Amino acid sequence: ENGVFLRQRYRDFLPEGPYRYDGTFSFFSERVERNIVSTGLLARGLFPDRTGMEGFAVERPNIVPVATTQDGADVLMNCPRDGPCQGALSRDKKAWVKANEVGVYEKHRELFRAVSDACGYPLEPGKIVYKGKKKPLTWAAKAVMDAFTFSQNEGLDATMGGRLNMTTIKAFHSVVEGMVHDMNFGQPHQITYWTGDFIPTFLGLARVPLREEVNKLHVFLNHRELVYAVAHMLGMPIQFPGQRPDSLPSGCSLLMEVYDHGVRAFFWSPSQPSHEDKARYLQEKRPMSELYKHGVLLPTAATGCPSGQVCPVETFAYSFLNWVTKTGTYVSLCNVSVEDTFFAKGEASLGIMEDWVQPEVLAARGVNVTRPSVQALGLTEDDAEALGFALVKEAESGQLRGPGVDAKVSGGGSSTMRIICVSAVMSLIAGSVGFALGRGSTTAVAAEEEGRYRAIS
């Protein structure tokens with residue numbers, strides 16, 4: 001559904017026809033098998049069967065190449081679990097479990113017992129054993145929570161035939177999700193190592209002028225943790241309809257349409273047809289794909305940016321700099337060096353940021369510096385002026401003003417634009433979550449905007 005949505009929304013931007021082997025598109029997946037499978041499914045939505053090469057198979061599929069990460073050297077997609085920050089994450093998780101897990105269990109003892117009885121397995125600290133090794137309660141509880149979530153997403157009976165009620169399941173999800181988030185992201189430096197090199201990579205793709213204008217869509221597919229960390233570092237509030245605040249539904253996406261004068265951001269979530277609708281479609285032998293057509297698109301915004309409107313890419317860069325100035329980069333946090341990985345599983349890139357994202361260069365290029373955005377970035381007005389930023393009033397015709405900026409941001413209009421698309425995708429088969437990133441060249445956005453653009457979804 002995510003691939004179909006991207007094809008429909010950007011149908012006037014993406015070239016018609018089959019997959020092109022000319023650099024227009026590229027697909028990059030985190031190396032876990034279910035993520036690679038999901039990347040292929042997203043590509044299938046973008047490039048459906050019977051549109052591919054002739055003579056290979058009757059179905060005429062599009063043969064889409066998918067690149068993937070290297071074992072132990074991932075600094076882009078999964079730095080703390082398959083890259084140089086594994087040690088840092090392990091230490092932080094062990095410290096959190098030791099300090100918090102028993103207390104959380106005691107506070108919600110009856111809830112854990114109810115789910116334990118329904119599952120026939122003790123969800124209790126010290127009693128979780130997997131393949132002969134003891135595991136934290138949080139580890140096991142997350143697996144159960146994910147099973148509930150995936151069953152609900154697919155319209156299945158999450159109550160296991162009435163062993164639990166939905167009130168108990170929702171309460172369990174709320175408690176366990178809080179445990180997982182606090183363990184993985186509870187400290188600012190954890191957000192830093194979860195994002196790794198991804199935001200600098202995004203900033204490079206969003207930078208004007210384009211380095212490779214032929215590139216229209218880059219798909220990066222990964223787990224939800226990267227989506228969550230990127231949203232938090234950039235200050236994007238997470239709130240989906242029917243979901244708890246700060247909770248990402250399975251298969252969600254973060255789309256950032258990048259124009260010449262800035263970025264406009266959206267969240268997207270897939271359709272969730274009911275068990276009854278699915279049963280009816282099966283009985284009537286109707287194609288299940290009809291229940292997965294568009295999903296839900298929600299405007300969002302980074303720190304200092306108006307929701308649903310275009311905001312300078314430098315504002316995103318400054319949010320990144322503001323964060324890592326306080327925590328350090330993942331390289332310093334995890335003591336990364338080329339020698340650490342070169343003779344083992346692969347060489348880790350140490351390219352953290354380019355010169356253009358330094359504060360003085362941002363000021364020279366012009367940044368969205370309305371008073372609310374200055375405050376949101378943690379600066380005083382004197383600080384901003386000392387850095388060379390020109391303060392403007394929000395009422396000044398919706399324009400950004402600075403040494404390098406004079407662009408209307410009323411929503412795109414006929415201005416030149418590019419799109420960078422960052423998505424989190426779930427496979428119906430594998431239940432995986434991922435990321436997509438893209439950029440493009442000349443035309444209109446879903447018949448709503450006209451011009452030349454690149455997208456990050």
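**Entry 1: strand S7**

I began at Ala-265, which stands opposite Thr-300 in S8; helices (H or I, at least four residues) and strands (E, at least two) are DSSP runs, numbered from the N terminus. The model is predicted: local features need pLDDT of at least 70, side-chain atom pairs count only at pLDDT 80 or more, and totals for chains, interfaces and linings use all residues. Residues are numbered from 1 along each chain as its sequence is written, and side-chain values use heavy atoms, with hydrogens and water left out.

I looked up the pairing, for which DSSP must find at least two bridges between two strands. S7 and S8 (residues 296–300) pair in the antiparallel sense over 5 bridges. S6 and S7 also run antiparallel, joined by 7 bridges, and form a hairpin with 2 residues between them. Here Glu-257 has Arg-264 in S7 as its bridge partner.

Which residues cover the two faces of S7? I found Gly-262, Arg-264, Phe-266 and Trp-268 on one side and Val-263, Ala-265, Phe-267 and Ser-269 on the other, all buried. Buried means under 20% relative accessible area, exposed over 50%, partly exposed in between (1.4 Å probe, protein chains only). In a regular strand the side chains alternate between the two faces of the sheet.

**Entry 2: nonpolar core**

I next examined the largest nonpolar core, which has 52 residues. Such a core is a set of buried Ala, Val, Leu, Ile, Met, Phe, Trp, Tyr and Cys residues joined through side-chain atoms within 4.5 Å. Those with the most contacts inside it are Phe-202, Met-236, Phe-267 and Phe-316. Elements giving two or more residues to this core include S6 (253–259), S7 (262–269) and helix H12 (313–327). The largest share, 7 residues, comes from H10.

Not counting residues up to four places away in sequence, Phe-316 touches, among others, Phe-202, Met-236, Cys-305 and Cys-311; contact means heavy atoms within 4.5 Å.

**Entry 3: cysteines**

I counted a disulfide as a pair of cysteine sulfur atoms within 2.5 Å; by this rule there are 2.

Cys-85 is joined to Cys-334 (S to S 2.0 Å). The torsion about this S-S bond is about 105°, so the disulfide is right-handed. The pair links distant parts of the chain, 249 residues apart, and both cysteines are buried.

Cys-305 and Cys-311 form a disulfide with sulfur atoms 2.2 Å apart. Its torsion is about -70°, so this disulfide is left-handed. Cys-305 and Cys-311 are buried.

I also noted Cys-119, partly exposed at 34% relative accessibility, and Cys-252, buried at 0%.
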